[in-house]
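Work through the exercises below with the model open beside you. Try each task before reading its solution.

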Amino acid sequence: MTLASGLLAADTPVAQNVFFYLMSAVIIAAAIAVVTTKNVVRAALYLIVVFASVVGIYLLLAAEFVAVTQILVYIGAIMVLMLFGIMLTRAKIGRETDLTNDNWWLGLATAVLLVGVMGYALIDAYSDDKLPRDTQVATIVDNSGQGSNTATVGDAIFSQYLIPFEVVSVLLTAALVGAIVLARKDRG
Amino acid sequence: MLFAAQAQEAAGNDGLMLNQFLLLGAALFCIGVYGVLARKNAVMVLMSIELILNAVNINLLAFGALHGSIAGAVFALFVIAIAAAEVGVGLAIVLIIYRNRHSVDLADVDAMKG
């Protein structure tokens with residue numbers, strides 16, 4: 001199978017494909033801007049663009065609850081935290097020349113090698129797989145055979161995945177208490 | 001030629017290709033890896049880690065959609081929660097480093113270097 005067959009299927013919904021490639025182009029361009037820009041604040045703003053476009057990809061995969069959570073947690077909370085971090089560490093607000101390591105080319109070589117190997121492996125292994133058209137109309141499965149993905153997610157979290165969910169809650173509490181303890185001013 | 005063969009094998013019930021999402025995830029992951037390796041500023045490294053986690057989420061949801069399983073969405077939610085915890089602790093550590101050394105340059109944090 002060639003690259004073209006991995007990326008384009010003949011009998012696909014055109015609108016979804018157009019939306020997917022539009023979102024992908026924005027994601028890739030903004031992500032490259034995040035890792036190459038010379039301005040820390042601008043990098044954070046490009047990162048918001050990446051997150052917002054990834055929301056579009058989630059919606060395409062009929063994961064509307066994850067999409068809304070991404071908006072609330074990533075764009076709403078994590079990015080504000082990042083901007084606070086930038087301000088509190090007094091990064092220069094304008095252009096900064098010293099943001100990249102001297103041996104950045106080593107990182108570039110690693111990333112290019114990795115994308116080559118992963119791309120080859122993915123095209124080799126999965127070029128025949130197509131997503132069912134069903135996932136694009138907001139239902140995957142439900143016990144009763146109907147209902148939304150959101151209902152299914154809630155059902156799964158509080159039945160099958162209850163223990164992992166509780167563990168994540170405890171971890172989140174511990175991490176945030178730890179962060180407060182670490183960042184307190186009067187601590188040593 | 002290629003497309004004609006595909007049109008034949010494509011059943012009427014098929015939607016998007018799985019590989020579209022996987023390759024997007026791979027590209028986003030590798031951009032994040034480049035950012036982690038190449039950036040000096042600790043906050044920028046944390047941002048690159050967020051790119052990597054988003055790539056993982058795309059993969060989880062794509063495989064969940066492929067298998068008609070909700071597990072992909074559930075674990076994507078767990079990843080988002082872990083990412084929130086990681087950013088909180090990570091930024092606290094970066095703040096301590098800044099307070100002690102007045103710099104967030106990762107090349108300056110070399111106390112463990114022999």
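**Exercise 1. Compare the span of H5(A) with the span expected at 1.5 Å a residue.**

Solution. Start with the count: H5(A) has 23 residues. Helices here are DSSP runs of H or I with at least four residues, strands are runs of E with at least two, and both are numbered from the N terminus. The expected span is 1.5 Å times one less than the number of residues.

Residues are numbered from 1 along each chain as its sequence is written, and chains are lettered from A and ligands numbered from 1 in the order in which they are written.

**Exercise 2. Find buried residues in H5(A) and a helix that helps cover them.**

Solution. Take the cut-offs: a residue is buried if 20 or more other C-beta atoms, placed from the backbone, lie within 10 Å of its own, exposed if 12 or fewer, and partly exposed in between. In H5(A), A:Gly107, A:Ala111 and A:Tyr126 are buried. Now look across to the other chain: H2 of chain B is part of what covers the buried residues of H5(A).

**Exercise 3. Describe the side of chain A that touches chain B.**

Solution. Count first: 89 residues of chain A are in contact with 65 residues of chain B. Contact means C-beta atoms, placed from the backbone, within 7 Å. Next, find the top contributor. H5(A) gives the most to this side, with 13 residues. Then sort by class: the side has 62 nonpolar, 22 polar and five charged residues. Ala, Val, Leu, Ile, Met, Phe, Trp, Tyr, Cys and Pro count as nonpolar, Asp, Glu, Lys and Arg as charged, and the others, Gly among them, as polar. For the complex, the predictor gives an ipTM of 0.84 and a pTM of 0.84.

**Exercise 4. Locate the largest nonpolar core and follow one of its residues.**

Solution. Such a core is a set of buried Ala, Val, Leu, Ile, Met, Phe, Trp, Tyr and Cys residues joined through C-beta atoms within 7 Å. The largest has 80 residues. Among those with the most contacts inside it are A:Val34, A:Val50, B:Leu28 and B:Leu61. Follow A:Val34. Beyond four places in sequence, its contacts include A:Val50 and A:Leu47, and also B:Gly35, B:Met47 and B:Leu51.

**Exercise 5. Read the order of elements in chain B, then examine B:Gly72.**

Solution. Chain B has four helices and one strand. From the N terminus they run α-β-α-α-α. Of its 114 residues, 53% count as buried. B:Gly72 lies in helix H4 of chain B. B:Gly72 is buried, since 23 other C-beta atoms lie within 10 Å. Beyond four places in sequence, B:Gly72 touches B:Leu60, B:Leu61, B:Phe63, B:Gly64 and B:Ala65.

**Exercise 6. Where does pLDDT stay under 50?**

Solution. pLDDT is the predictor's confidence in each residue, from 0 to 100. Chain A has a mean of 83, with 82% of residues at 70 or more. There, pLDDT stays under 50 over residues 136-141. Chain B averages 84, and 87% of residues score at least 70. Its stretch under 50 covers residues 1-12. By element, confidence in chain B is lowest in helix H1 (residues 2-9), at a mean of 43, and highest in helix H2 (residues 18-38), at 93. Where pLDDT is low, the predicted coordinates should not be read in detail.

Note on methods:
Predicted model: local features only at pLDDT ≥ 70, side-chain atom pairs only at ≥ 80, totals over all residues. Contact = placed C-beta atoms within 7 Å.
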